[in-house]
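Here are some exercises to work through with the model open beside you. Try each task before you read its solution.

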Amino acid sequence: MDVFSDPTNIDVYVTGFLWILKLTAAGAVGALVIGVVLAAMRVSPVPVLRGFGTLWVNTFRNTPLTLIVFFCYFGLFSTLGLSLADDIDLNNYWLGVIGLAVYTAAFVCEAIRSGINTVPAGQAEAARAIGMSFFQTLTMVILPQAGRAVVAPLGSIFIALAKNATIVGTIGLAESSNAMKELINANGDAVIPIFLVFAGTFAIVLIPTGYAFGWLANRLAVKR
Amino acid sequence: MPTSEPLIVLDGVNKYFGPLHVLQDVSLSVARGEVVVVIGPSGSGKSTLCRAINRLEPINSGTITFDGQTLPAEGKALARLRSEVGMVFQSFNLFAHKTILQNVMLGPVKVRGEKPAAVRERAMALLDRVGIASQAEKYPAQLSGGQQQRVAIARALAMQPKALLFDEPTSALDPEMVGEVLDVMTSLAREGMTMVVVTHEMGFARHAANRVVFMADGQLVESAPPAEFFENPKSERARDFLSKILTH
């Protein structure tokens with residue numbers, strides 16, 4: 001039977017990309033939440049918080065993601081016994097999400113911080129002058145404007161995240177790159193077509209995603 | 001007119017920017033309902049003085065008292081004080097991502113926790129007063145400079161402040177828009193609002209101020225009613241300044 005019409009193979013392919021989708025979704029949510037908190041820390045007037053934010057960014061931005069994901073498995077799970085689910089796949093999935101989120105958060109933080117720098121200082125002064133607290137100024141005036149300025153860079157970060165999600169394959173999750181390896185091993189006569197299908201799937205989804213973020217960035221841009 | 005204890009008191013205020021001594025032992029008191037116009041050459045410390053009153057610039061020594069209370073250093077107490085002192089900036093600083101109406105409503109609703117419906121009514125009345133009511137749903141970037149500055153005044157007034165600080169409110173405006181902003185300021189002055197106005201508009205100083213304060217090189221050089229100051233400046237520094245700006 002043809003490799004592309006075998007229902008078992010289709011199943012391996014679909015399962016692989018569903019894992020990627022789930023890793024990307026959960027990783028993006030986690031990275032966005034942690035990244036915003038880190039950015040808030042890095043612009044806060046409290047030196048300890050600023051130091052923590054800087055340490056996080058420098059640590060995770062300069063460590064290979066493969067090592068971080070390995071650590072999540074061998075460190076957090078195997079050594080420290082952090083089990084996140086009884087199902088082995090689900091456990092590896094959540095360990096992978098942690099690795100992706102803490103790593104991507106460092107980039108999200110820096111993107112948002114650069115967005116904060118695009119907001120004129122007068123905006124914060126005006127907010128403080130009507131009696132807003134640091135937290136109110138940040139959440140109601142600075143971050144909404146900074147967020148609109150970083151839609152495009154955040155898009156790039158999330159696209160990178162979707163591709164980085166394949167690294168979770170190294171700790172045994174049957175995501176797309178593992179699925180591809182499995183199919184190639186079983187179908188030595190169709191290596192290049194299989195490769196093209198997997199690479200093409202990423203490209204077909206991610207290219208329009210990039211354009212969508214660009215369109216959104218234009219739409220949301222703050223006019224000054 | 002001025003009665004009872006003064007609203008704003010600066011006593012022996014010193015401020016440094018690095019080695020630069022921008023406010024040198026400045027003392028000034030502003031009575032309730034008084035309109036004080038601060039003039040002086042660029043770099044004389046007028047803007048810093050204005051910004052020190054609501055602690056956008058912290059000072060190095062001396063005391064600033066507002067309504068009988070020493071200026072709090074930070075936190076909730078400082079935020080509360082700032083909510084009672086309106087400020088109008090040279091560059092307007094309207095919140096760029098909010099509509100005109102939202103700009104005016106944000107403070108009362110979020111800082112004071114007032115009911116949006118009541119605030120909306122007050123905000124529209126204020127926008128009507130400054131002549132911008134028909135633009136309430138637009139964004140700041142869609143308005144002219146003069147219109148933006150009038151909205152900024154309405155935003156400050158929405159907090160029902162005890163005093164208003166103006167930091168060169170017309171310096172960033174095209175000449176034909178200066179008048180519309182000064183008109184609003186003049187009518188506020190007539191109504192008895194306590195105002196500290198840093199400006200280069202000598203006409204405004206002449207007809208709307210109760211007192212003109214002249215600053216040079218970080219020092220408060222002279223303080224007198226406008227007629228007296230413009231006709232008969234006492235210090236050499238003030239005479240020199242006036243001769244330069246009034247001859248053309």
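Helices (H or I, at least four residues) and strands (E, at least two) are DSSP runs, numbered from the N terminus, and two strands pair if DSSP finds at least two bridges between them. The model is a predicted one, where local features need pLDDT of at least 70 and side-chain atom pairs count only at pLDDT 80 or more, while totals for chains, interfaces and linings use all residues. Residues are numbered from 1 along each chain as its sequence is written, and chains are lettered from A and ligands numbered from 1 in the order in which they are written.

**Exercise 1. A four-stranded sheet**

Task: find the strand order of the open sheet of 4 strands in chain B, then name the bridge partner of Lys15(B).

Solution: 
- Step one is the order: β2-β1-β4-β5 of chain B, with antiparallel pairing.
- Next come the edges, β2 (20-30) and β5 (69-70) of chain B, each of which pairs on one side only.
- Now look at β1(B) and β2(B), which pair in the antiparallel sense over 7 bridges. Within β2(B), Leu23(B) is the bridge partner of Lys15(B).
- Residues are in contact if their C-beta atoms, placed from the backbone, lie within 7 Å. Axes here are lines fitted to C-alpha atoms, for helices over the stretch in contact, and angles run from 0 to 180 degrees between N-to-C directions.

**Exercise 2. A glycine in a strand**

Solution: 
- A residue is buried if 20 or more other C-beta atoms lie within 10 Å of its own, exposed if 12 or fewer, and partly exposed in between, with C-beta atoms placed from the backbone.
- Leaving out residues up to four places away in sequence, Gly12(B) touches Asp25(B), Ser27(B) and Gly62(B).
- The C-alpha atoms of Gly12(B) and Ile64(B) are 8.8 Å apart, although 52 residues separate the two along the chain.

**Exercise 3. A six-stranded sheet**

Task: what is the strand order of the open sheet of 6 strands in chain B, and is the pairing parallel, antiparallel or mixed?

Solution: 
- The order reads β6-β7-β8-β3-β9-β10 in chain B, and the pairing is mixed.
- β6 and β10 (219-224) of chain B are the edge strands, each pairing on one side only.
- From one strand to the next, the twist averages 15°.
- For one pair in detail, take β7 (residues 163-167) and β8 (residues 194-198) of chain B, which pair in the parallel sense over 5 bridges. There, Leu164(B) has Met195(B) of β8(B) as its bridge partner.

**Exercise 4. Positive phi**

Task: locate Arg55(B) and Asn93(B), then work out whether each is buried or exposed.

Solution: 
- Some background first: most residues other than glycine have a negative phi.
- Arg55(B) has a positive phi near 60° and sits in the loop between α1 (46-53) and β4 (61-66) of chain B. Arg55(B) counts as buried because it has 20 C-beta neighbours inside 10 Å.
- Asn93(B) has a positive phi near 55° and sits in the loop between β6 (85-88) and α3 of chain B. With 25 other C-beta atoms within 10 Å, Asn93(B) is buried.

**Exercise 5. Packed helices**

Task: classify the packing of α7 (residues 151-164) and α9 (residues 191-220) of chain A from their angle.

Solution: 
- The two helices pack at about 165°, with axes 8 Å apart.
- Angles under 35 degrees count as roughly parallel, over 145 as roughly antiparallel, 65 to 115 as roughly perpendicular and the rest as oblique. Therefore α7(A) and α9(A) are roughly antiparallel.
- Residues in this contact include Gly155(A) and Ile159(A) of α7(A), and Leu206(A) and Phe213(A) of α9(A).

Definitions and conventions. Two residues are in contact if their C-beta atoms, placed from the backbone, lie within 7 Å.
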